[in-house]
Amino acid sequence: MKLSLQTLLVGVSLLSASPAYADVILHAFNWNYSEITAKATEIQQAGYKKVLIAPPMKSSGEQWWARYQPQDLRLIDHPRGNKQQLQTLIQTMTSKGIQVYADVVLNHMANESAQRSDLNYPGLAVLSSYQANWTYANNQKLYGDLTQNFLSGSDFHAPGCISNYLDVWQVQYYRLCGGGSDTGLPDLDNNNWVIAQQQAYLQALKDMGIKGFRVDAVKHMTNAHINAVFTPTLLSGMHVFGEVITSGGSGNQEYELFLKPYLDNTSHSAYDFPLFASMRNAFSFGGSMSVLVDPGAYGQALAWNKAVTFAITHDIPTNDGFRYQIMNSTDETLAHAYILGRNGGTPMIYSDHGETANLDGYRWQDFYKRADIKNMIRFHNSTQGSGMQVLGHGQCFLLFKRDKKGIVGINKCDTPQEYWVDTYANELNWYVNYTDVISGNSFQVNTQWLKVTIPARSARMWLQQ
């Protein structure tokens, strides 16, 4: 279809977004630390500038979710790696110009009610294992005295499972439980001792060379707790972002109750679930790509310097309550083109080893090295810091440029979309090749009117050569 010229220019700058935080993060979900180290050159060549690793602490069990059940914060020892392996990882990635971010769990401790009735952590069994292999345990230490427990029952909120996830008090003071007779994950209090332990833990990771923290389950912590832990000294030079899952932006109840207060009352960034909801809306049957022109203007995307953008996170396919948010695989690819083509936010690419294979094949296994994703990252890196101007949009398509450096076209529909661009008004460079990083298709601008064609169910990311 040929669309009449109705050019909408939306001039957007980076505002206060830090270029350092706009680099692409690889979420190496549940990868062994040694594997990340071994693939450092490959990760670098794919264009990633940051890598998010499994929570560095003491935890047990091979299941992915066991990484989110801390037994001890004072040392790093779990099936994905230990302190020595993390130190090697940090040194190797730093030498490649890649920063290492740590996933951290501060809301709760491991549910060990099946083994014992007390809330002394790490508990007698773990302390005994330290003593039995003292040299090894001491080598994994971050801080503290490993001969005794570091938490007791007085460091936790009273037991009780969350039953109403729209009740702020319950969400932040009760336990995350699995249903049935499950007693849940013991929920940490924000007393002075707990705060001091968590600060010592995070400072030790920072001293090792960690440059960012993903704060797990931050929705379940009070802002008073968060701000007590993350002092200006601890935050200095760090990129900190929280996981607050919502199903929308401004006007959405979860957003208003949890995500907005978190962003308003801390200095942290956050996963951009409002933008994710906007993308799901745009790509849905009957939805319009026009909602992606500037969703932030309507509160349906986070501020560009606060947003960690994504098309999938590990929480969505691995939790029953969030699986409805999984997009069609083609739509998900188009969503990746949008977050890697647009200006602003810190894009995150999720890549696992088949932990979600029972749900949707092996869609995200080794996703980080898919050819189209690597080429999209190349476009992102090449246009870093350039403004964004929307050229045209409609129910099926969105077309925008990154100053004169590149043009992005996304078509969600089953028929090709054509759009005529006035190259005088929109200041594209003439007599140079613009080559699509995905298909290899090229064009040159040599007349005032340029017909841009976006094939059906496809994205094009033309980069000036």
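I started at the interface of domain 1 and domain 2, where the rule finds one salt bridge. For that rule, a side-chain nitrogen of Lys or Arg has to be within 4 Å of a carboxyl oxygen of Asp or Glu. Before going on, I noted that this is a predicted model, where local features need pLDDT of at least 70, side-chain atom pairs count only at pLDDT 80 or more, and totals for chains, interfaces and linings use all residues. I also jotted down that residues are numbered from 1 along each chain as its sequence is written, and that side-chain values use heavy atoms, with hydrogens and water left out.

**Confidence**

I checked pLDDT, the predictor's confidence in each residue, from 0 to 100. The protein has a mean of 93, with 94% of its residues at 70 or more. Residues 1–19 fall below 50, and I found 46 contacts for this stretch beyond near neighbours in sequence. Contact here means heavy atoms within 4.5 Å.

**The two domains**

I wrote down the bounds: domain 1 is 25–383 and domain 2 is 388–464, taken from an automatic or database domain assignment. Domain 1 puts 27 residues into the contact and domain 2 puts in 25. Their C-alpha centres are 36 Å apart.

Next I looked up the buried area, which is the accessible area (1.4 Å probe) that two parts lose on being put together, summed over both. Between these domains the value is about 2200 Å², and carbon and sulfur atoms give 67% of that.

**Who touches whom?**

I looked at Asp331, which forms a salt bridge with Arg457; their closest N and O atoms are 2.6 Å apart.

On the side of domain 1 that touches domain 2, helices H11 (273–283), H13 (329–341) and H15 (371–382) each give two or more residues. H13 gives the largest share, seven residues. Helices (H or I, at least four residues) and strands (E, at least two) are DSSP runs, numbered from the N terminus.

I found a cis peptide bond from Tyr121 to Pro122, with omega near 10°. Pro122 sits in the loop between strand S6 (99–105) and helix H4 (124–132). Asn30 has a positive phi, near 65°, though this residue isn't glycine. I placed Asn30 in the loop between strand S2 (25–28) and helix H1 (33–38).
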